[in-house]
Amino acid sequence: MSIVDRLKTIDRRIIFVAISLAVIIPLLFPIGLPIMVSPPAQGLYDAIEELKPGSKVLLSFDYDPSTMPEVYPMNLGVVRHCFSKNIKLVGMGLWPTGVLLGQEAFELLAEEYGKTYGEDYINLGFKAGGIVVISAMAENIPETFPEDYAGTSIEEFPIMKGVKNFDSFGLAVCFSAGDPGVREWVMIAHSRYGKKVGAGITAVMAPAYYPYLQAGQLVGLLGGMKGAAEYETLLKYKGTGSAGMDAQSIAHSLIIVFIIFGNVIYFIARRKERKKV
Amino acid sequence: MRRQLPLAICFVMGVSMVVQFFIPHRVSQEFYRTILDWYRIVFAFSLVLGTGTLIKVHWAKISKKSKGWQYSIITIGGLVFMLAVGFITGIQEGTLFMKIFEYVEVPLEATMFSLLAFYIASAAYRAFRARTVEATLLLIAAVVLMLGRIPFGYYLWHKIPGIAEWILTNPNMAAKRGIVIGVGLGMISTALKIILGIERSYIGGGK
Amino acid sequence: MGQEWFSLDRLNVLIGVVVYTALLLYFIYQAKKGKELFVRKIAGLEAVDEAIGRATEMGKPILYIPGLSTISDVATLASLNILSKVAKKAAQYETRLIVPCTDPIVMPVCQEVVKAACLDGGRPDVYREEDIYYITYSQFGYVAAVDGIMVREKPATNFFLGMFWAESLILAETGASTGAIQIAGTDAISQLPFFITACDYTLIGEELYAASAYLSREPLSLGSLKGQDWTKLIIGGLVLTGVILSTFGLRFFANYFTTG
């Protein structure tokens, strides 16, 4: 077997080791590459900036542990932004496990910003049904979520006083890793009820949601770790999103190197074969 | 009769759901919610059925000592253990059940998801070849997009992120919309064939 | 809202549904009358027989993944239609068919489909209920289990047909590493590039829905494909008209197509 043939059928494990190193080393020794903010991330930031202190934002945690490394930093970023502007947050989830992750983000930052549960933020919990839940919320939120995630009646919480439907919120932000998620929020909350909707989604999903952004159905969009890093840049702090961008930069560059290398090998092999013929 | 009844139910329900879509009346919305409740109830029962087959399949493997039967012990053991823990400690925050969820289930799922990074690299190395003009264009677009999504791309050439954004919002979107229109029509056509009983494989075919 | 008996802002949708349904029914009627209908070649579907034959020759099983969605997803239903054809062929060739499911409702339906296909293929004796089973509702738990099946059982052929999410590449790459011939098909646009890269054949979007008609060659099903083509032509015309009018600042035409 010639060297070219060997390289053509390179052991996948070599590639895996290279990618591991490309991810681990920058995480351990950050380079701190500056991050440029794209218009979709700026859009979501501006939409929150425009809100007055005391206004309410609805957060839908529609992701799960598997996508946590990508979506959770965005969740933290948006909660941090809202808390810093004294905006009240009402969380909920169309995915059962998302509610727990959202609660974790709330608790982590509530301590830092001195926020109280039930006054400054609340978690209404999970409700199965996807699009039906959003439709029901548009009609009557207290009827759809009579209790919070821990089973306490929402009437006991000052933050829920006067909350009837989507009109009580300045913005809805969906953190999503699939269906039900952003599409359902756009279809009901924006298209039918004219509510401003923003989103934080995985990088794989991002290209599919650009049409919504272009059509003005989303005020802003955070896509994958890059989106989280951009939001952190806007908030002027370094979180896991920014830390991950170094690793992502090196990993992307390495994949490009692999592609170029693979093609060089391919062309050498092809030339050899043609010579034989 | 074994075939006619499910087909009739499918037809009536299919037509009802189409009609329901155009009726905003409270009665119609209630009907929709009732159907969803029914779906959830059927789902709960089917979960029992599914778990039953899972146990059956793995029990058979263990008793026959088929290849890899040891894994089946872990599967059934895990299932029984989590059920027991859930019943004994409950599933509230801070319970053992939730701790296992947070410290075992979450990292395991994240690990599976993270395999994507490795597989993207190996798939790209193996399959991304400039064999034809179209493949070359795809390859160039992929490289530009990958560079456009990282800060390094900006430093290579400050216009790369803009070009990547353009690829996403123009050629990518045009192709996507074309596929989406086709998918939408295909969906309606399939749904119609099922409602009309032309397509009946899902109930095991037959005339 | 709430008291009206017809949603006027969905009138355009109703018109669209009526026109499209009428076209479909017309072409189904034409097909029923015996009119010859041309359908272009779809490489992925042409390869189905070859893929099943390969598994038979190698004496290895076929792995069929009906997607990770629920039974209410049309992509799952389309996949079940294809499963019926694959199972029939597999039964005739006496090739083992493994169908792991992630949705507990999809599982009994798959069992019923395969059972009927075996009967239809004249080989009810080869039906193995224990090969069509439920694994877990957890997305990546399911992926881990299916990857395990691929590595241990080494199926000669893998079918990934239905709705897929982030797991598509993990499944397809593992399958490629075991040397299986792979046919994928999905309407999940984000996952198509992964399948195209890692599988031998990929059914793109609507090809998944056309597959059942293509494989069965039943005139009634083929007629609906023709109806789809004509509707696409009409939509193309409408889009073009909309683009021209909107370019000149006339938005009224595009506004007819917004819904509530």
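## Contacts, sheet and helix packing in a predicted model

Leaving aside neighbours within four places in sequence, B:Cys10 touches B:Ile194 and B:Ile195. The model described here is predicted. B:Cys10 is found in helix H1 of chain B, which covers residues 4-21. Is B:Cys10 buried, exposed or partly exposed? B:Cys10 has 17 other C-beta atoms within 10 Å; a buried residue needs 20 or more and an exposed one 12 or fewer, so B:Cys10 counts as partly exposed. B:Ala191 lies 181 residues away from B:Cys10 along the chain, yet the C-alpha atoms of the two are separated by 10 Å.

### Two helices of chain B

Two packed helices are described by the angle between their axes and the distance between the axes. In chain B, the axes of helix H5 (residues 133-148) and helix H7 (residues 160-169) come within 8 Å and cross at roughly 120°. That angle makes H5(B) oblique to H7(B). The crossing of H5(B) and H7(B) is left-handed. On the H5(B) side, the contact is made by B:Ala141, B:Val144, B:Leu145, B:Leu147 and B:Gly148. H7(B) contributes B:Ile160, B:Pro161, B:Ile163, B:Ala164, B:Glu165 and B:Ile167. Sorted by kind, the residues of this contact are nine nonpolar, one polar and one charged.

### Chain A and its sheet

Chain A has 277 residues, of which 52% count as buried. Its C-alpha atoms fill a box of roughly 80 × 35 × 30 Å, taken along the principal axes. The secondary structure of chain A comes to 11 helices and six strands. Among contacts in chain A with a separation of 6 or more, 73% join residues 24 or more positions apart.

Strands of a sheet pair through backbone hydrogen bonds, either parallel or antiparallel. In what order do the six strands of the open sheet in chain A stand? The order is S3-S2-S1-S4-S5-S6, with parallel pairing. Strand S3 (121-126) and strand S6 (220-223) of chain A each have a single partner strand, so they stand at the edges, and one side of each is left without a neighbour in the sheet. On average, neighbouring strands of this sheet are turned by 15° against each other, direction ignored.

Strand S5 of chain A (residues 197-201) pairs with S6(A) in the parallel sense over four bridges. In S6(A), A:Gly223 is the bridge partner of A:Ile201. Two helices that pack on the sheet are listed below, each with the strands it touches.

| Helix of chain A | Strands touched | Angle between directions |
|---|---|---|
| H3 (residues 39-49) | S4 (171-176), S5 and S6 | about 125° with S6(A) |
| H8 (residues 182-190) | S1 (56-62), S4 and S5 | about 180° with S5(A) |

### Contacts between chains

The contact of chain B with chain C takes 51 residues from chain B and 60 residues from chain C. Which elements give two or more residues to the side of chain B that touches chain C? They are helix H2 (26-64), helix H4 (96-127) and helix H8 (171-195) of chain B. H8(B) gives the most, with 16 residues. The residues on this side of chain B divide into 31 nonpolar, 14 polar and six charged.

Chain A also meets chain C: nine residues of chain A are in contact with eight residues of chain C. Here the chain A side is made up of four nonpolar, three polar and two charged residues.

Definitions and conventions
Residues numbered from 1 in each chain as written. Chains lettered and ligands numbered in written order. Predicted model: local features only at pLDDT ≥ 70, side-chain atom pairs only at ≥ 80, totals over all residues. Contact = placed C-beta atoms within 7 Å. Nonpolar A, V, L, I, M, F, W, Y, C, P; charged D, E, K, R; others polar. Pairing = 2+ DSSP bridges. Axes fitted to C-alpha atoms, helices over the stretch in contact; angles between N-to-C directions. Parallel < 35°, antiparallel > 145°, perpendicular 65-115°, else oblique. Left-handed = near helix turned anticlockwise from the far one by under 90°.
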